[in-house]
Amino acid sequence: MKLWKHIEHLRNTAPLVHNITNFVVMNNSANALLAVGASPIMAHAKEEIPEMVQISNALVINIGTLDSSFIEGMLLAAQTAHSLGKPWVLDPVGAGVTELRNSTIQRLLEFKPTLIRGNASEIAAVSTSQGIKSKGVDSSMDSAEAVEYAKELHLKIGSIICISGATDYVISEEQIYEIKNGDPMMTKVTGLGCSLTAVLGAVLGASGKDPEAIASAVAYFGMAGEQAAGPGSLQLHLLDQLYAMDQSTFEERLKLWNYTW
Amino acid sequence: MKLWKHIEHLRNTAPLVHNITNFVVMNNSANALLAVGASPIMAHAKEEIPEMVQISNALVINIGTLDSSFIEGMLLAAQTAHSLGKPWVLDPVGAGVTELRNSTIQRLLEFKPTLIRGNASEIAAVSTSQGIKSKGVDSSMDSAEAVEYAKELHLKIGSIICISGATDYVISEEQIYEIKNGDPMMTKVTGLGCSLTAVLGAVLGASGKDPEAIASAVAYFGMAGEQAAGPGSLQLHLLDQLYAMDQSTFEERLKLWNYTW
Amino acid sequence: MKLWKHIEHLRNTAPLVHNITNFVVMNNSANALLAVGASPIMAHAKEEIPEMVQISNALVINIGTLDSSFIEGMLLAAQTAHSLGKPWVLDPVGAGVTELRNSTIQRLLEFKPTLIRGNASEIAAVSTSQGIKSKGVDSSMDSAEAVEYAKELHLKIGSIICISGATDYVISEEQIYEIKNGDPMMTKVTGLGCSLTAVLGAVLGASGKDPEAIASAVAYFGMAGEQAAGPGSLQLHLLDQLYAMDQSTFEERLKLWNYTW
């Protein structure tokens, strides 16, 4: 596999990515998008959402900090993307934690996200909400434990599923990518999962629904976070590395495997 | 006094802290909580606030950027915490500056915050709003000048009072802690007071209403901010230091005294 | 020209700057203001806007993330500043992209901003919306191409116009300042244009409607961003440099020219 081509293609395509995301990570997500060569739009007003979705190459919806006006905007954006055939990614932050989050996810899934990215317990909670039999969900669940949920969720709604954790998984039809890039310190910085979701939105804008391109970007993001002394310096180095990463570093550090399921 | 045990206890307990805070500092507050070993939840929708307060170990309310929907959410959260007996901390940002802030603080105080943290003029303004006789409030007030206000405020509503400034004070029944950790450069970075409030929320979640634990965390936060060349590098080093601080550094750098009043 | 005096005056005056800005950059803007010696207020609730405008030395309005409640607040703030004779700056983020942005800008212009700062395509779009004949607008427009628009816009509404790009321009009655400080890496960090707008708001608060002071601050901001290895480190160094800049560095690095038009 020559995966670096996907990162180059992302940088050369410079997709325009429309984000409706949470207040905590808006700044980080925009910076991560700029660092990988994409152009971020952060906009949530219902009045301008259809125009924004129309001009963008991809849409990112992240439900980290909900309120009723954001929910309306998210539904309108997802519906517009779906009807225009634009790729979009859902980050179901806090799935399973409150009724509001579960019901919002339920309504968003009607518009068929191209990709869903979350941690193990979020993916399990989304699956359970779709009638997939619960095997028990807890917040300290391991990413490997969510793989079976992800397969069933993929079969049911067709979205590519990305599970983040110490090991990351990208699951699509009969294929599974396993990625071991990243660092435990990444759990000590807020919004890195959300930033990854935004970057995957950019990949959708550049490459469409391509599991290999998505898995490559998961590895790229993970290795950009591998060198830091603490959570403050990690944020800085992550952006610098996303920007500066070259092919030889990428190929040396890559820890990615591909299987059929 | 062996104060390091409070920091260790905070890290070992890993409390879940629900924050309803201002838009400017949501990211910093979440990162400060992660760096000290706590788990942040940032959520403000009325529909999910009772569930969030229920699962959390402590609540943080910061009125930095108000609007009517946030005010409703804050009141509901404070009421829920109060009725469940969960500890909560109030950061009365801009107390005394506008009528909206004063009236919001007034309503929040009905739900008896476990702790109130602010600068001298904010603590004086909160006190005055509670009928405590004004000795004159101005924004350049020294933290020592607010100590008498804080004592009266404590006697009146029972909250522990933390005053931030060049010298910090933690005031509770008959006790006063005086802390001289910190650096003047910390006034050149936005949201550090708000981040400290969030960290003190975590301390409430780990140790309950314990003035010694609160004073220890004030010193810990101050010393984490003591080494930086400028406001940009201070933000980075603060997070790295909150994460990496060890007992010997803590004990060497500690500038804390305890008196009876 | 001895331009350093304007930076010194800004630091000595320490203006209070009220910001109604977008969610993505609130933190950066507040930090940039602190780093240049100003005091930021970030507040958007209609209930307290008149009080906030009253106590501030200048107002910053940035339409990056609109919604109906923010629009109402912005209009009230601009109206209050205009009727009190307080200087204010408009950052028309995304002008020309959606109908909502165009109509909001149109309404804000009735309150005569002291200064408008944007990139070339934004300045061209604002001009076109004021009936100035379109020469064709596209988002990759060069800043030099917007100069003719800016002159006509200045003649029509009286605002000083600042165009940001590889070369920056400050345009006022018969005068044009051309500034070549800055670094291409600055386009890879979100919110730097917004932070510059906030800093220019501080300059208005310190020096009033003075094109030379504004041009000096544009150069100062640009040179603070000139040394960084990547987008993460640029954010850090920018704040450290805004804070630490001294007269000799400023004079050595200055790339600014002044013409009559």
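1. How do the axes of helix 4 and helix 5 of chain A cross, and within what distance do they come? This is a predicted model, and here is what it gives for that pair. Helix 4 (residues 68-84) and helix 5 (residues 99-109) of chain A have axes that come within 10 Å and cross at roughly 20°. Angles under 35 degrees count as roughly parallel, so that is the label for helix 4 of chain A relative to helix 5 of chain A. As for handedness, helix 4 of chain A passes helix 5 of chain A in a right-handed crossing. On the helix 4 side of chain A, the contact uses Ile71(A), Met74(A), Leu75(A) and Ala78(A). Helix 5 of chain A brings Leu100(A), Thr104(A), Arg107(A) and Leu108(A) to it.

2. Staying in chain A, have a look at Ile61(A). Leaving out residues up to four places away in sequence, Ile61(A) touches Ile20(A), Met74(A), Ala77(A), Ala78(A), Trp88(A), Val89(A), Leu90(A), Asp91(A) and Leu108(A). As general background, nonpolar side chains tend to be buried together in soluble globular proteins.

3. Now the sheet in chain A. It is an open sheet of 9 strands with mixed pairing, and the order is 2-1-3-4-5-6-7-8-9. Strand 2 (39-42) and strand 9 (256-260) of chain A are the edge strands, each pairing on one side only. From one strand to the next the twist averages 20°. Strand 1 (residues 16-20) of chain A pairs with strand 2 of chain A in the parallel sense, over 4 bridges. Within that pair, Leu16(A) stands opposite Ser39(A) of strand 2. Helix 2 (residues 26-35) of chain A packs on the sheet and touches both strand 1 and strand 2 of chain A. The direction of helix 2 makes about 155° with that of strand 2 of chain A.

4. Helix 7 (residues 147-157) of chain A deserves a point of its own. Its buried residues are Val147(A), Tyr149(A), Ala150(A), Lys151(A), Leu153(A), His154(A) and Ile157(A). Note that Lys151(A) and His154(A) are on that list. These buried residues pack against helix 5, strand 5 (115-119), helix 6 (120-129), strand 6 (160-164), strand 7 (168-172) and strand 8 (175-179) of chain A. Just after helix 7 of chain A comes Gly158(A), with a positive phi of about 85°.

5. On to chain B, where 9 strands form an open sheet with mixed pairing, in the order 2-1-3-4-5-6-7-8-9. Strand 2 (39-42) and strand 9 (256-260) of chain B stand at the edges with a single partner strand each, so one side of each has no neighbour in the sheet. The twist averages 20° from one strand to the next. Strand 1 (residues 16-20) and strand 2 of chain B run parallel and are joined by 4 bridges. In this pair, Asn19(B) has Met42(B) of strand 2 as its bridge partner. Helix 2 (residues 26-35) of chain B packs on the sheet, touching strand 1 and strand 2 of chain B.

6. Is Ser172(B) buried or exposed? With a relative accessible area of 6%, Ser172(B) is buried, because buried means under 20%. Ser172(B) is found in strand 7 (residues 168-172) of chain B. Apart from neighbours within four places in sequence, Ser172(B) is in contact with His154(B), Ile160(B), Pro211(B) and Trp261(B). Arg117(B) is 55 residues away from Ser172(B) along the chain, and their C-alpha atoms are separated by 12 Å.

7. Last, chain C. In strand 5 (residues 115-119) of chain C, 4 of the 5 residues are buried, so the rest of the structure largely encloses this strand. Strand 4 (residues 88-91) of chain C runs parallel to strand 5 of chain C, with 2 bridges joining them, and Val89(C) has Leu115(C) as its bridge partner. Helix 6 (residues 120-129) of chain C is mostly covered, with 8 of its 10 residues buried; among them are Ser121(C), Glu122(C) and Ser127(C). The buried residues of helix 6 of chain C pack against helix 5 (99-109), strand 5, helix 7 (147-157) and strand 6 (160-164) of chain C. Gly131(C), which follows helix 6 of chain C, has a positive phi near 85°.

Note on methods: Residues are numbered from 1 along each chain as its sequence is written. Chains are lettered from A and ligands numbered from 1 in the order in which they are written. This is a predicted model: local features need pLDDT of at least 70, side-chain atom pairs count only at pLDDT 80 or more; totals for chains, interfaces and linings use all residues. Side-chain values use heavy atoms; hydrogens and water are left out. Buried means under 20% relative accessible area, exposed over 50%, partly exposed in between (1.4 Å probe, protein chains only). Contact means heavy atoms within 4.5 Å. Two strands pair if DSSP finds at least two bridges between them. Axes are lines fitted to C-alpha atoms, for helices over the stretch in contact, and angles run from 0 to 180 degrees between N-to-C directions. Angles under 35 degrees count as roughly parallel, over 145 as roughly antiparallel, 65 to 115 as roughly perpendicular and the rest as oblique. A crossing is left-handed if the near helix is turned anticlockwise from the far one by less than a right angle, and right-handed if clockwise.
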